[in-house]
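Please look at the sequence and structure below before reading on.

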Amino acid sequence: MFIKNRGKVVVHVNYVHAQWSSRWAFVLAATGSAVGLGNIWKFPYMVGQGGGGAFVLVYLVCIVLIGIPIMMSEVLLGRRARLSPVNTMRVLAQQEGASPGWQFVGWLGMATGFLILSFYGVVAGWTLAYVFHSASGAFAMENPQHIKALFGAFVTDPQRVLVWHTLFMAMTTLIVARGVQAGLEKAVKVMMPVLFILLLALVFYSMGSGGFDEGWEFLFKTDFDKLTPAVILGAMGQAFFSLSLGMGAIMIYGSYLPQRSSIGGSTFLIVIADTVVALLAGLAVFPIVFANGLEPAAGPPLIFETLPIAFGQMPGGTFWGTLFFVLLVFAAWTSAISLIEPAVAWLTETRGVRRVLAAVLTGGFAWLLGMLTIMSFSDWAFSFRFLGVEKTHGFFDIFELLTTNITLPLGGILIALFAGWTIRRSHSQEELKLGSLAGFEIWLFLTRFVSPVMVGMLLLYLLFGHYLNA
Ligand code: TRP
């Protein structure tokens, strides 16, 4: 198939993508992408470092005002073009008489996906290792110092981490290689429901841990003194990261969505599920943290250093701990696959690369890039300051900050501007098919004005904020 514009071939598509078997498969897959380490590993430590309730409040505001409209925009664009993000942007721009330069959004997204997956795979590797540590009873009755030392010794040993990182990336590549229905869809259909049940069980345990009131208060009591620009920027970045927005992951999943499915309703379900899981993770983690007198601001090691201490002390802790890390591996797995799917779709549709090979190439590249993160926790660690916060894990911190705080929000602004202004109103209205006109007007207003302005202000602060502080 050729996609032409004024007689010139713009895209040579020799691969027609498959579709989800139903709208539910899409909702599950997108929820699988959204719910991941971002909710269970990152959200609690960001809340812990951001001072609790204030961070949570800004996060929730960003989810509603920025997350929902941009997610709808990504799905809308993907489904309209049914191509990889690069070609979706290119073809839709041509259709609307705009510059083919919009495809930059797709390229930026692919690069961002590789960067995120490179460190995501390493953290998922830690998680995988902790399934086995837990199951072997390594945490039972250990004292806190020893458990902390265990994590320290593990992450600073590149060879051991490499083994688990490699295993996780192989798992990810395998699912992607099997394709939309046989791979992605089958995997999420099993994993997502299991994950919900396991998380509920953990919160239930946490309610009896003795720290529940304190944990609840920490999460939901807003202390406005703690609302620094850095916290606000972090909360917005976290909203993008957690909802998988700004790099085309949701766009490519949207491109496999059957034509008649409702975009608004699906988005609503995905966003609710993602938010509920993040809050449940907070409710599972913080009571345990407080009940055991642990440090909420421990950063990336938070769940690996604190939870095993709690698991080590609780009755049946070997079982609960193992279950928790299994859950986390599942969550990470269904997220990781969406990070390379845009690149895989692009390789298959424009380069005629077979899906299996495309999965191996992209997974392999992210695996290789992951070496920089692995080494950031040992020999190649270096530190720098970012918005007044000391960062000590070199490349890992750079990749994490660059994607979460810069390229995802930038991609998000461009997607919002494109869907809101470049796509003709009649076209977006026809594609979204929201039941009510008011609903459409609200989406359009949020997409055209609110999200670009909010995100834009934060990015400007990031660029020029130090002049204000100086
Ligand atoms: N949202 C996932 C999480 O919370 C991570 C993720 C998957 C992601 N795909 C993404 C983040 C695309 C940003 C963009 O763990």
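## Terms and basis

On a 1 Å grid over the protein atoms alone, a cavity is a set of points where a 1.4 Å probe fits but cannot get out, while a pocket is an open set with protein on both sides within 12 Å along at least five of seven lines; lining residues have an atom within 4 Å of a point. Grid points are joined across faces, edges and corners, and a volume is the space filled by probe spheres set on the points.

The model is predicted, so local features need pLDDT of at least 70 and side-chain atom pairs count only at pLDDT 80 or more, while totals for chains, interfaces and linings use all residues. Residues are numbered from 1 along each chain as its sequence is written, and side-chain values use heavy atoms, with hydrogens and water left out.

## The second largest cavity

Two cavities of 30 Å³ or more are found in a search of the whole structure. The second largest cavity holds about 40 Å³ of space, and its lining is made up of Ser134, Phe139, Ala140, Phe311, Gly312, Gly317 and Thr318. Two or more residues of this lining come from each of α13 (302-313) and α14; helices (H or I, at least four residues) and strands (E, at least two) are DSSP runs, numbered from the N terminus.

Three residues of this lining are nonpolar, four are polar and none is charged. Here Ala, Val, Leu, Ile, Met, Phe, Trp, Tyr, Cys and Pro count as nonpolar, Asp, Glu, Lys and Arg as charged, and the others, Gly among them, as polar.

The largest cavity has about 130 Å³ of space. Of its 15 lining residues, Ser33, Ile116, Phe241, Ser244 and Leu339 lie nearest the centre. At least two lining residues come from each of α1, α5, α10 and α14. The lining has nine nonpolar, six polar and no charged residues.

This largest cavity is the space taken by the ligand (more than half of the ligand's atoms lie within 2 Å of the grid points). The shell around the ligand draws two or more residues from each of α1 (23-34), α2 (37-49), α5 (104-135), α10 (229-242) and α14 (317-351). The ligand is surrounded by 17 residues, with Ala34, Gly38, Tyr120, Phe241 and Ser244 the closest; a residue counts if one of its heavy atoms lies within 4 Å. Nine of the shell residues are nonpolar, eight are polar and none is charged.

Which residues place a polar side-chain atom 3.0 Å from a nitrogen atom of the ligand? Ser244 does, and the side chain of Ser338 has an N or O atom at 3.0 Å from a ligand nitrogen. For Ser33, a backbone N or O atom lies 3.2 Å from a nitrogen atom of the ligand. A polar contact is a pair of N or O atoms within 3.5 Å.

## The largest pocket

The largest pocket has a volume of about 440 Å³. It is lined by 23 residues, and Met46, Gln49, Val389, Lys391 and Leu401 are the closest to its centre. Elements giving two or more residues to this lining are α2, α10, β4 (389-391) and α16 (394-422). Of these, α16 gives the most, with six residues. By class, the pocket lining has twelve nonpolar, seven polar and four charged residues.

Note on methods. A polar contact is a pair of N or O atoms within 3.5 Å; within protein, one must be able to donate a hydrogen and the other to accept it, and residues adjacent in sequence count only if both atoms are side-chain atoms.
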